[in-house]
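I opened a new entry today.

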Amino acid sequence: MKNLSSEEIVQYFNDKFKEKIKDARIEKRSAGSKKKEFFNIWFKIDKSIFKEAINHLCEIQFPHFAVISGNDIGENIELVYHFSVYYGVRLKEISINISVEVPKSNLKIESICDIIPGALISEREIQEMLGVTVEGIPDNRRIFLIGNIPEGVYPWRKDEKGPQKLVRDMYE
Amino acid sequence: MSEKTTYTLPIGPIHPALKEPVAFEFEIEGEKIVGVDLKVGHVHRAIEWIGTQRNPIQIIYLAERICGICNICHPLAFSRAVENIANIEVPERAEYIRTIMAELERIHSHILWAGVAAHEIGFDTVLHLSWAVREKVLDLIEYLTGNRITKAVFTIGGVRRDITKDQYPTINKALNYYKENLGVLVNTFLDDKTIQMRSKNCGILTEEDALKLCAVGPTTRASGIKKDVRVDQAYCAYGDLDIKVMTPDIVTGEVNGDVYDRIVVRLLEVEQSVDLIEQCLDKLPSGDLVAEPKIPKLLATLKKTEGEGIGRAEAPRGEVIHYVKLDGKNEAPYTWKVRAPTYNNLLAWIPMLMGEQIADIPIVAASTDPCMSCTNRVTVIRNNKKEILDNEELHRLSIEKTRRFAR
């Protein structure tokens, strides 16, 4: 596949998934004296096409997976998968940030470790930090929270399952 | 047919030199490693949570304390994330000064690592040589920022310290020192027979593994993957500079992805950093240091800003990425996610260590630059009897292996 521009990448996803891609935006930034540009792409995808979208992304180029960020936004948990493509080519790298919302009533997301094995640490992290169940994860153990953090407390959550009580009672 | 028995060798987790202590559990068959498992998180300090209780200016100083060695890349990535959200244009002069600071950090971090690597294989004269060479850059950092380690030069929208013309002679003197003395260090590492024996074909990370496990920094570059944020993306002044990705074939003509290659890449990058700083000093534009010098005004703007953004930077160990979400209601960010380079290099350890010998653990683990001198206490369970191998013992094993080669 020829190298796509950031607009073409958004189009590439829109063509395949139509209305299941939402809020796509391209951030154009520049830096230095020569004002060379770089691009960050952001879009939201429907949970039903999540795995397909990651596969679709891999067809552009095997992406560099950076990390998964998580936001507790009330009824849903928003997971943001940060990728980049076209690394190794001078000033051509494009960051692609794909967010997917998972309802708190059914906190499940598919594992992408079968496509990108390097995502394992991050998937283990969202399991323990947000209480999201990653289906098909090759290693189910906790990773950063070991020791005295009880099960059922999820440090990134803002609701009653968050760490507030744990923090308040820390010195008791 | 006799049944092969394996035993478990736990190593770690705590050593002050580590920014992220790691506990390894090795499955050992004789001297050979046949299984690797790792546990991290022993010093998870909930820094991201603490950050969500503070305003962005305060977070800069918190971010600086995520790591003692790369304390430039975290405030840089965080500032860039916030600047991206709020559309803050950083003045050109500030971009150049940021670049100079980031490269000074790379020089000191890579030479520090070189010393640690030499120490791990029992070559302590080279440790002392490396760290003596490193001292000059710390002096320079102190001269420019007032501090050797936590430099506090970053702020959102710019930098807090200028580099003036009358500082040039001191900077040039230090850079010339490196031009003259790096050669000795490079030759010591690359031409020494013992170092070659200990590091060549040891701890191999194949290109395929590096790609699939999403390794970053010199670890992935030594495996031949051209990935360097400074080259890939125009951030700070890197878009203006003459820079290319350092891979080991530049020196050796081939890519093996072993410990030796990781040494080559880091040493090349030190030379490159000196060159980049010179380019920056040559081109340093005039102008402001910061986009909005009044901090209360800046904070008021950020409080009203809603949005999410990422900031990336190339730390000495690899790509750093920060994700920030501001909700437009509170001063403190709604979410702050920090991804340090070692996070992505953790999984790369597994293929590197598989099949190696116990005495190679220190140098292979150290080769990704997490400072694996964390081997402060090791329990060997052999024939159901517990033997404690301490740091000295394990270090002694490593030295013995070097001596065997040197004979």
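**Two loop residues in chain B**

I began with B:Cys214, which is found in the loop between helix 8 and helix 9 (217-221) of chain B. Helices (H or I, at least four residues) and strands (E, at least two) are DSSP runs, numbered from the N terminus. B:Cys214 is not a glycine, yet it has a positive phi of about 60 degrees. Is B:Cys214 buried or exposed? I counted 28 other C-beta atoms within 10 Å, so B:Cys214 is buried. The cut-offs: buried means 20 or more other C-beta atoms within 10 Å of the residue's own, exposed means 12 or fewer, and partly exposed lies in between, with C-beta atoms placed from the backbone.

I noted where all this comes from: this is a predicted model, where local features need pLDDT of at least 70 and side-chain atom pairs count only at pLDDT 80 or more, while totals for chains, interfaces and linings use all residues. Residues are numbered from 1 along each chain as its sequence is written, and chains are lettered from A and ligands numbered from 1 in the order in which they are written.

Next I looked up B:Asn201, in the loop between helix 7 (193-199) and helix 8 of chain B. B:Asn201 is not a glycine either, and its phi is positive, about 55 degrees. B:Asn201 is exposed, because I find 12 other C-beta atoms within 10 Å.

**Chain B as a whole**

I listed 17 helices and ten strands in chain B. Its C-alpha atoms fill a box of roughly 75 × 50 × 35 Å along the principal axes. Why call chain B compact? A compact globule of 407 residues would have a radius of gyration near 22 Å, and chain B has 22 Å, so the two agree. That radius is taken over C-alpha atoms, and the rule is 2.2 Å times the number of residues to the power 0.38. Of the 407 residues in chain B, 53% are buried.

I also checked contacts (C-beta atoms, placed from the backbone, within 7 Å). In chain B, taking contacts between residues at least 6 apart in sequence, 68% join residues at least 24 apart.

**Chain A and its sheet**

Chain A has four helices and seven strands. Along the sequence I read the pattern α-β-β-α-β-β-β-β-α-β-α. The C-alpha atoms of chain A fill a box of roughly 60 × 40 × 30 Å along the principal axes. Of its 172 residues, 39% are buried.

What is the order of the strands in the open sheet of chain A? I read 1-2-5-4-3, five strands with mixed pairing. Two strands pair if DSSP finds at least two bridges between them. Strand 1 (21-31) and strand 3 (64-73) stand at the edges with a single partner strand each, so one side of each has no neighbour in the sheet. Neighbouring strands are turned by 20 degrees against each other on average, direction ignored.

I then followed strand 5 (residues 94-103) of chain A, which runs parallel to strand 2 (residues 36-45) and is joined to it by seven bridges. A:Phe39 stands opposite A:Ile94, and A:Trp42 has A:Asn97 as its bridge partner. Strand 4 of chain A runs antiparallel to strand 5, with ten bridges. There A:His82 stands opposite A:Asn97. Strand 5 is mostly covered, with eight of its ten residues buried.

Helix 2 (residues 50-60) of chain A lies across strand 2, strand 4 (76-85) and strand 5, at about 170 degrees to strand 5. Axes are lines fitted to C-alpha atoms, for helices over the stretch in contact, and angles run from 0 to 180 degrees between N-to-C directions.

**Where the chains meet**

I found 40 residues of chain B in contact with 39 residues of chain A. Strand 7 of chain B gives the most to its side, with four residues. That side of chain B divides into 20 nonpolar, seven polar and 13 charged residues. Here Ala, Val, Leu, Ile, Met, Phe, Trp, Tyr, Cys and Pro count as nonpolar, Asp, Glu, Lys and Arg as charged, and the others, Gly among them, as polar.

Technical notes. Two residues are in contact if their C-beta atoms, placed from the backbone, lie within 7 Å.
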